[in-house]
Amino acid sequence: MTDLPRRHQRARGPAGVRHGRLPRRRGSTAALKLFAAVVVVAFVSVGSVAAYAVWDVARSIKTGVHLQALPGHSAIPQDIPNVAAIPGGVNLLLAGTDSRSDLGGVYSSADEQDASSGAGNNDVTMLLHIAQDHKSMMVVSFPRDLMVPIPDCPDPSGKGVIDGTSYAQFNTALSRGGLNCVVATVSKMTGLDIPFAAVINFNGVSAMSNAVGGVTVCLASPVKDEYTNPPLDLPAGENTVVGDTALSFLRSRHGVGDGSDLGRISNQQVFLSALARKVVSGGVLSNPVQLYALAKAAVNNITPSDTLTNPTTLVQIALALKDTGLQNMVFVQYPAVGDPDNPNRVVPQKSAANALNQALVNDQPVKLTGSTGRAAEDPTATASPAPDAGGEPSPTAPASPATPDAGATPAPTGTAGSQVELPSTITGQTAAQQTCTKGNN
């Protein structure tokens with residue numbers, strides 16, 4: 001899969017969104033990944049932090065977006081229960097916008113504003129699912145170039161409905177109908193109700209990586225990418241990335257794996273797992289000042305749903321993960337194969353997607369059987385399983401046609417809480433796996 005210039009499609013939706021060829025800075029990926037990691041692990045055990053710190057974070061949160069229920073679904077609750085005290089799971093969606101509007105600085109140039117302004121595209125979308133018993137969690141990354149149905153969405157202006165479509169690029173959902181439209185699209189794909197969500201821009205990436213003191217990542221081979229800003233030139237071995245270098249590492253496509261966006265996802269999972277290990281075992285949880293520095297860097301750069309505007313809710317969500325354990329934190333890519341109508345796009349791999357969706361809906365912990373992805377390797381693994389027929393296409397070979405309705409994988413079996421094995425076409429890793437990035441050089 002190649003990384004074409006930014007979206008040439010313009011779905012029907014609010015005016016004022018421009019998308020053209022993106023210049024080098026693609027930081028929505030970085031901001032979203034860092035904020036996802038904060039949500040997953042960094043807010044744990046902060047209930048005893050001083051009231052001043054809570055107030056300092058609360059005053060930084062923007063006005064919330066009200067999430068509307070889909071037809072036939074229950075209304076989104078406005079009084080969110082204490083998930084730490086009351087058993088219950090969490091579904092939280094994070095959408096990273098590529099918009100440069102109102103960011104200032106280097107993003108105020110004409111070229112940057114022409115690349116993307118207005119609402120922007122959701123070029124990175126992640127779903128955090130915490131199990132009802134709080135013993136497991138999954139973070140699902142959705143490829144930006146996925147071609148999917150987008151349902152009818154409420155107009156962000158509050159005037160009527162924006163018509164859906166049976167075939168559109170996934171990352172246009174945000175520009176079509178705002179955060180509600182991204183939530184509705186993912187809910188339609190997975191079958192989950194999603195009461196928590198946020199849009200994040202990429203202005204605070206360096207601040208967040210600085211707040212955690214940098215992240216040490218393993219490189220199986222050198223990573224060089226002249227298309228990032230600053231350019232990357234990292235040697236093989238252990239590298240601590242921080243600030244702008246962390247931003248470049250997270251947004252790099254040309255420098256990792258096979259140069260594809262799917263490779264970039266697995267590279268980001270290398271970073272995420274390393275960050276999770278540092279936060280859980282490296283003393284961050286015992287440092288309230290550092291925890292709230294992360295929290296403030298995040299909330300300064302997000303527009304949350306109105307269910308997330310109370311910082312206590314973030315604490316309650318995080319407390320559900322206090323005893324989950326790194327081995328039970330799983331990062332996966334939503335399974336995709338080449339789009340038979342466009343070699344530069346992908347479509348859901350139906351059998352594997354069905355298995356993943358049912359595990360989510362049935363609230364079951366999962367076991368990965370596939371590889372760590374195109375840009376990551378596990379040096380402790382004995383061998384990487386070969387992809388099933390109809391798996392991800394090679395970036396240099398013709399895309400394999402998808403088979404949407406044939407040979408569907410049987411639904412995961414067992415009761416809620418029993419572990420199920422995901423198909424080997426689903427790539428990813430746990431937070432406990434110390435993986436290494438493969439450079440594309």
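Helices (H or I, at least four residues) and strands (E, at least two) are DSSP runs, numbered from the N terminus. The model described here is predicted, so local features need pLDDT of at least 70 and side-chain atom pairs count only at pLDDT 80 or more, while totals for chains, interfaces and linings use all residues. Residues are numbered from 1 along each chain as its sequence is written, and side-chain values use heavy atoms, with hydrogens and water left out.

The protein holds 10 helices and 23 strands. Of its 441 residues, 57% are buried, where buried means under 20% relative accessible area, exposed over 50% and partly exposed in between (1.4 Å probe, protein chains only). The exposed surface comes to about 16900 Å², with carbon and sulfur atoms supplying 51% of it; these areas come from the Shrake-Rupley method with a 1.4 Å probe, and for residues only the protein chains shown count as cover. Contact is taken as heavy atoms within 4.5 Å. Among contacts between residues at least 6 apart in sequence, 77% join residues at least 24 apart.

Strands S4 and S5 run antiparallel and are joined by 6 bridges; Ile 130 stands opposite Met 137 in S5.

The loop between strand S4 (122-130) and strand S5 (137-142) includes Ser 136. This serine counts as buried because its relative accessibility is 11%. Beyond its neighbours within four places in sequence, Ser 136 is in contact with His 129, Ile 130, Ala 131, Thr 324, Asn 328 and Pro 365. Ser 136 and Ala 320 are 184 residues apart in sequence, yet their C-alpha atoms are 9.7 Å apart in space.

Aromatic rings come next. Rings of Phe, Tyr and Trp (its six-membered ring) pair if their centres lie within 6.5 Å; planes under 30 degrees apart count as stacked, over 60 as edge-to-face and the rest as tilted. By this rule there are 3 aromatic pairs. Phe 142 and Phe 170 are stacked, because their ring centres are 5.6 Å apart and their planes at 25°. The pair links distant parts of the chain, with Phe 142 in strand S5 and Phe 170, 28 residues away, in the loop between strand S9 (165-169) and helix H4 (173-190). Both are buried, Phe 142 at 3% relative accessible area and Phe 170 at 0%. Together with Tyr 334, Phe 142 and Phe 170 form one aromatic cluster.

Helix H6 (residues 243-251) is largely enclosed by the rest of the structure, because 7 of its 9 residues are buried; among them are Leu 247, Phe 249 and Arg 251. Ser 252 lies in the loop between H6 and helix H7 (261-281) and is buried at 0% relative accessibility. Apart from neighbours within four places in sequence, Ser 252 is in contact with Asp 225, Thr 228, Leu 232 and Arg 264.

Terms used:
Pairing = 2+ DSSP bridges.
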